[in-house]
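Dear colleague,

Please find the structure below, handed over for your review. My findings follow it.

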Amino acid sequence: MSLDFRHKPGLVVYLTTGDPDVESTREIAIAAIDAGADVIELGVPFSDPLADGPVIQRASERAVARHTRMPDVLRVAKEIRAARVQAGLVIFTYLNPILRYGLSKFVDDAKAAGADGVLVTDLIVEEGGEYLAEMERAGLAPVFLAAPTSPDERLEAIATHSKGFVYAISRVGITGKQQSLTADAESLVGRIRRWSKLPVAVGFGISNAEHVARVGEFADAAVVGSAIVELIERSTPEAAPAAVARFIKCLRQPQAALTL
Amino acid sequence: MASVILPSAPSESRPGRFGIYGGRYVPETLMAALLELEHEYELAKPDAVFQQELDGLLREFAGRPTPLYFAKRLTEELGGAKIYLKREDLLHTGAHKINNALGQGLLAKRMGKKRIIAETGAGQHGVATATVCALLGLECVIYMGDVDMERQELNVLRMRLLGAEVRGVSAGSKTLKDAISEAMRDWTTNVRTTHYLLGSALGAHPYPTMVRDFHRCISREMKQQILEKEGRLPDAVIACVGGGSNAIGAFYEFLQDRDVRLIGVEAGGRGTELGQHAARFQGGVPGVLQGTLSYILQDEDGQIAQTHSVSAGLDYASIGPEHAALHDSGRAEYVSQDDAATMDAVVKLARTEGILPALESAHAVAECMRIAGTFKPHDILVVNLSGRGDKDMGIIARELKL
Ligand SMILES: Cc1ncc(COP(=O)(O)O)c(C=O)c1O
């Protein structure tokens, strides 16, 4: 029940809650943990996901259309926590669903559900005063995003206010798969390390074992999102947990990826 | 009211805040560009060379100052206040949008950004942006919802003629909100080379302040013109409110003149249920969308609601943050006019004054028609006629069976 990375490199798995349905999200998350995921990022679907590429946009749209609500996300979190005590659990969301639910209530309920941290895509450190105070009160870890475009003074603020880990965005852009990692990621992680002793996870576009191995050379963990969400999109609900588990095992074996 | 997340410092003292509204709620990747834009804008504002170039273009290229026209026949017909029309519809490209497009275009050049992206709803901002890009020799990509591309086809063709690439957006409601999200995704991806020329008083700081400043000329001229013609200030200024740029431009110089009523007109669409209109102050709740904290039409889960208006330019789920503050403080009043009243206003203005208003602007005309009779003959109403209606002829012809 913490944001530790037991594996080398660690793996963070993003799932859009409610795609294909909330029960499947729970089963997929448990299968992912058993296959070696250290942290699950449980995504709250939002109608206007402006930081996301087409894959996560489609997943959000499907989940919103099924009326997946914040209470559903928190219930799935609680069930995952009950089933797998040791895994890290982060609620990943845009800000508006939190505001509508009520900030204090959200923080309390996320804590009660067993979440370790929260990542709000469209909340920068400077606007986070009240949020940070509430997170502190509840004992939840705020995880902030750091971007290749962030100047050093912003990285310092991001590193200072993050807990658990710092999320380094691998490239300038939105979520979605990519062919190869750019040089942006390594230099960003190097800059973050100047300000922080926290583990650094690299995400956006990490989609195969080569990427994960490469990230492992300079960061503590890789975040895999769109690649898994797309795999779920192509699977049936029944087959999705096993398919995701197989994929995650392959992510740690560069040579096995060739036969995937 | 929903709980809102406030920064740790007192909000009023922070730049980009209007009361509790505004701020900067964006993915971290965009922050460097927003800070650069804010910095460059602060440098350009007092720069005489920049202002001279902008003033020159507004005058020689766009056609400022625009007339403040006394609508004699409309006044007689409505039988109440004297009605003046601020003729932004006479500007080059046909709407107020060119004021802001020229300002930001020059700013982009100063920053050395050679690629411009923009969203558009009615297509007027897209046309203004494409025009400025042609003028300044900049690459131009415009995002527009598929629904809007269909209903404002003339403007799509104009943008293409001007050399812009128009990219249709098929996500969500396929209207302005979705075009903004797609433009923000493009900006996030190409932020090192690209300026996002946002078209209304919306989005993250510094946009709401900067866009408002580029439209302040509307109320500055209005004030001077009405003093020349009538020797006094108007009793009310009326403007339609989509994102809120023409309205804030028309209101701003009157904010301290407490006796001047400021009336914003939202789109009442075809009904009062969520999804049937775009009247953010009738059912909207404070929240965060596309970079700013303001009133938003949304469901109880915080999902953004669908909206409807006959006018693409008012068909948006949120509203500029400065309007949210003016609403809460009571300094400005916000009402709505529906699709049907808007059509009546189009016909009325066309047949009494020989002026074909944009459907957006016709919402303000409709409100003027509703209240004119409640005023006395020496009272003065000024309607900001934000644009002309050529782009809407397809819709108008269908609705009126011309
Ligand atoms: C003529 C005209 N008026 C008004 C608007 C609404 O925008 P805003 O509220 O920013 O003035 C538009 C937007 O497309 C427009 O074209």
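**Ligand site in chain B**

An oxygen atom of the ligand lies 3.1 Å from an N or O atom in the side chain of Lys97(B). Please note that the model is a predicted one. The side chain of His96(B) likewise has an N or O atom 3.0 Å from an oxygen atom of the ligand. On the nitrogen side, an N or O atom in the side chain of Ser386(B) is 2.6 Å from a nitrogen atom of the ligand. Taken on its own, the ligand has 390 Å² of accessible area, and the protein covers 97% of this. There are 20 residues around the ligand, and the closest are Ser200(B), Gly242(B), Gly244(B), Ser245(B) and Ser386(B).

**Overall form of chain B**

The chain comprises 14 helices and 14 strands. A compact globule of 402 residues would have a radius of gyration near 21 Å, and the 20 Å computed for chain B agrees with that expectation. Along the principal axes, the C-alpha atoms occupy a box of roughly 55 × 50 × 45 Å. Buried residues make up 67% of the 402 in chain B. Among contacts with a separation of 6 or more, 74% are between residues 24 or more positions apart. The accessible surface of chain B amounts to about 13600 Å², with 50% of it belonging to carbon and sulfur atoms.

A polar atom of the Glu266(B) side chain lies 2.7 Å from the backbone nitrogen of Arg280(B). Beyond its neighbours within four places in sequence, Glu266(B) has contacts that include Val241(B), Ala278(B), Phe281(B), Ile319(B), Tyr334(B) and His363(B).

Lys391(B) sits in the loop between strand S14 (380-385) and helix H14 (393-400). With a relative accessible area of 6%, Lys391(B) is buried, because the limit for that class is under 20%. Its side chain forms a polar contact of 2.8 Å with the side chain of Glu360(B), and another, of 2.9 Å, with the side chain of Asp392(B). Apart from neighbours within four places in sequence, the residues in contact with Lys391(B) include Ala122(B), Gln124(B), Arg151(B), Asn155(B) and Glu360(B).

Leu102(B) belongs to helix H4, which covers residues 97-110 of chain B. At 1% relative accessibility, Leu102(B) counts as buried. Setting aside neighbours within four places in sequence, Leu102(B) is in contact with Leu54(B), Leu57(B), Leu58(B), Phe61(B), Ala62(B), Val132(B) and Leu135(B). Leu102(B) and Glu119(B) are 17 residues apart along the chain, and their C-alpha atoms are separated by 16 Å.

Just after H12(B), Gly354(B) adopts a positive phi of about 70°.

With kind regards

Definitions and conventions: Residues numbered from 1 in each chain as written. Chains lettered and ligands numbered in written order. Predicted model: local features only at pLDDT ≥ 70, side-chain atom pairs only at ≥ 80, totals over all residues. Heavy atoms only, no water. Helix = DSSP H or I, 4+ residues; strand = E, 2+ residues; numbered from the N terminus. Polar contact = N/O pair within 3.5 Å; in protein donor to acceptor, adjacent residues only side chain to side chain. Contact = heavy atoms within 4.5 Å. Near = heavy atom within 4 Å. Areas by Shrake-Rupley, 256 points an atom, 1.4 Å probe, with all protein chains shown as cover. Rg over C-alpha atoms; globule rule 2.2 N^0.38 Å. Buried < 20%, exposed > 50% of the residue type's maximum accessible area, 1.4 Å probe, protein only.
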